[in-house]
Amino acid sequence: MITRMSTLFLRTLREDPADAEVPSHKLLVRAGYVRRIAPGIYSWLPLGLRVLRKIEEIVREEMNAIGAQEIHFPALLPKEPYEATNRWTEYGPNLFRLKDRKGGDYLLGPTHEELFALTVKGEYSSYKDYPVMLYQIQTKYRDEERPRAGILRGREFVMKDSYSFDLDDEGLAASYRLHRDAYIRIFDRVGLRYVIVAATSGAMGGSASEEFLAESETGEDTFVRSTESGFAANVEAVITPAPPAEPVEGKPAAEVHHTPNTPTIETLVDFLNANTDRKFTAADTLKNVLVKTRQPGAQDWELLAIGVPGDREVDMKRLEASLEPAEVALLDEADFAANPFLVKGYIGPKALQDNGVRFLVDPRVVTGTAWVTGADKTDHHVVDLLCGRDFTPDGTVEAAEVRAGDPSPDGRGTLVAARGIEIGHIFQLGRKYADAFSLDALGQDGKPKRITMGSYGVGVSRLVAAVAEQSHDDLGLMWPREIAPADVHVVIAGKDESIRERGEAIAAELDAAGVQVILDDRTVSPGVKFADAELLGVPTILVVGKGLTKGVVEVRDRLSGDREEIEVDNAVAHVI
Ligand code: ATP
Ligand code: MG
Ligand code: MG
Ligand code: MG
């Protein structure tokens with residue numbers, strides 16, 4: 001099918017929209033890809049929808065390739081499952097809540113862990129059924145405090161969310177690895193420059209979590225990266241750690257203690273103050289303490305990192321809600337023995353070791369940021385660790401703090417602070433949701449076995465903007481071919497009938513060869529057509545104009561800016 005500019009539902013704008021600050025927002029609106037309806041709520045017009053659909057298709061292919069199966073949930077959901085996990089409250093003002101005509105409470109799904117867990121529980125019962133991975137590509141709703149930059153941070157947006165269900169930790173690790181590899185393929189195909197950084201799992205209760213950040217000055221996340229190698233790590237590495245507190249003579253390292261009752265943030269503070277050497281206050285000192293919590297009736301403890309850099313207020317609220325029904329304890333030796341992602345050791349000043357400091361790291365990740373856990377009030381954002389070099393999973397550690405300006409730990413280049421857009425996030429959730437819904441499989445021994453889950457998100461609509469951020473110039477967008485709204489933009493540049501006929505013929509030939517064509521067949525000046533072609537950003541622009549008298553057409557590469565004259569008879573073969 002040839003897309004004709006003369007009939008395409010498209011009006012490009014010469015001026016930037018008044019509310020747009022970042023290039024992707026300006027250009028996607030000017031090029032007529034999206035239109036604003038309300039803050040953080042956008043419509044997709046024909047060309048924008050094509051890019052979105054192509055990205056969806058890449059995501060779908062890569063998810064299917066790892067054996068995940070596509071399903072589709074409603075966005076309009078009843079409150080009850082989210083009450084069972086506390087997220088009805090925990091999600092805070094970000095959750096769109098509404099009532100039906102009978103007064104029943106509903107929400108618009110911000111993420112779907114609950115529904116997936118319940119659905120698997122409804123269908124599966126035996127260990128033979130597992131493992132299973134399910135996903136959807138679906139509209140999500142979050143009442144973001146600051147919807148921003150057009151579709152980059154929407155209040156309605158498209159996410160691919162998938163969930164893995166395994167019988168044991170090894171299974172979960174394998175599902176996580178499959179997703180990690182699939183995400184690498186997805187973001188490579190979409191054509192982005194990105195880094196993978198270890199992420200704190202916060203109140204999600206996970207033991208391993210990584211974020212995929214598209215490099216961009218307009219991103220909201222900060223990380224450090226080497227000027228010369230691919231080394232990259234979290235923002236924590238660039239926060240200057242406060243000087244460590246002096247060790248208290250004769251005090252033992254943190255031990256396991258249980259709170260007697262329902263902890264709130266205050267009781268947690270009291271608990272930590274009573275059981276550790278340090279004095280905490282709810283306001284400023286609970287960052288990066290790792291404890292474990294257990295929901296009533298649950299078998300398993302969940303690791304819980306308290307306070308997450310960057311999102312602190314939100315996470316403190318989440319934490320408070322998630323702690324309500326739980327028991328809280330500090331980690332003990334058995335936790336370190338049982339959990340391959342917990343590495344016992346110490347980093348930096350001896351004072352930390354004396355305080356029983358522990359840190360959490362995923363030894364399968366070659367480089368990753370570790371964060372200090374334990375009974376110490378100072379922030380110990382730490383370091384990037386290299387498995388094998390800095391530690392072994394049984395716990396020997398030698399590492400140094402790194403920050404912007406330091407040489408890269410791999411010896412190549414210097415670390416600089418950089419900004420990124422979160423495009424994907426993968427989590428090992430563990431049993432938090434399975435516990436909430438008693439999601440068990442009947443084991444071979446006839447006993448119920450609790451399922452362990454992972455959750456994995458890709459910001460599908462955000463990707464459209466992330467690519468636009470990375471790939472544009474003053475004139476307009478520049479799409480990588482795999483996600484461009486068309487492969488070739490044919491411009492009929494001239495009024496002569498012979499030019500028009502030739503343009504039509506070339507477009508028809510390309511179309512017959514399976515190439516997606518936009519044909520500018522309008523009766524406007526060539527200047528207007530060129531400006532629009534540059535703004536729309538199709539990777540190849542083929543100009544059929546005066547050159548025909550010499551037997552040539554011009555082929556412009558939107559990305560490199562190269563222009564070539566090609567014999568008209570070779571034009572189709574040249575751009576296929
Ligand atoms: P952010 O830190 O940007 O708020 P998040 O950590 O809240 O994102 P997740 O819950 O991890 O987001 O959701 C998975 C993915 O969904 C994110 O990695 C991101 O790509 C995308 N996403 C999240 N919020 C939005 C939004 N408001 N608009 C568009 N995409 C979003
Ligand atoms: Mg968010
Ligand atoms: Mg985030
Ligand atoms: Mg995230």
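**Reading the sheets and the ligand shell**

User: In what order do the strands of the open three-stranded sheet run, and is their pairing parallel or antiparallel?

Analyst: This open sheet has the order E5-E7-E6, and its pairing is antiparallel. Strands, like helices, are DSSP runs numbered from the N terminus (E, at least two residues; helices H or I, at least four), and two strands pair if DSSP finds at least two bridges between them. The model is predicted, with local features requiring pLDDT of at least 70 and side-chain atom pairs pLDDT 80 or more, whereas totals for chains, interfaces and linings use all residues. Residues are numbered from 1 along each chain as its sequence is written, and chains are lettered from A and ligands numbered from 1 in the order in which they are written.

User: Which strands form the edges of this sheet?

Analyst: Strand E5 (76-78) and strand E6 (96-99) are the edges, each pairing on one side only. Three antiparallel bridges connect E5 to strand E7 (residues 105-108), and proline 78 has tyrosine 106 in E7 as its bridge partner. From one strand to the next the twist averages 35 degrees; axes are lines fitted to C-alpha atoms, for helices over the stretch in contact, and angles run from 0 to 180 degrees between N-to-C directions.

User: How many strands form the open sheet with mixed pairing, and in what order?

Analyst: Six strands form it, in the order E1-E28-E27-E29-E30-E31. Its edges are strand E1 (2-4) and strand E31 (563-567), each of which pairs on one side only. Direction ignored, neighbouring strands here are turned by 25 degrees against each other on average. E1 runs parallel to strand E28 (residues 517-520), with three bridges between them; threonine 3 is partnered by isoleucine 518 in E28.

User: Which strands does helix H13 lie across?

Analyst: Helix H13 (residues 497-512) lies across E1, strand E27 (488-492), E28 and strand E29 (540-544), at about 165 degrees to E27. Helix H14 (residues 526-536) also packs on the sheet and touches E27, E28 and E29, its direction making about 170 degrees with that of E27.

User: Which strand gives the most to the shell around ligand 1?

Analyst: E21 does, with four residues. In all, 15 residues surround ligand 1, the closest being Phe157, His425, Gly457, Gly459 and Arg462; a residue is near a molecule or strand if its C-beta atom, placed from the backbone, lies within 6 Å of it. Strand E9 (156-166), strand E21 (415-430), strand E24 (452-459) and helix H12 (460-470) each supply at least two shell residues.

User: Is E21 mostly covered or mostly open?

Analyst: E21 is mostly covered, as 13 of its 16 residues are buried; a residue is buried if 20 or more other C-beta atoms, placed from the backbone, lie within 10 Å of its own, exposed if 12 or fewer, and partly exposed in between. Across the protein, buried residues make up 48% of the 576 residues.

User: Which bridges join E21 to E24?

Analyst: Six bridges link E21 to E24 in the antiparallel sense, and glutamine 428 stands opposite glycine 454 in E24. E21 also pairs antiparallel with strand E11 (residues 208-215) over eight bridges, where leucine 213 is partnered by glutamate 422 of E21. Strand E12 (residues 221-226) runs antiparallel to E21 over six bridges, with serine 226 partnered by leucine 415.

Key: Contact = placed C-beta atoms within 7 Å.
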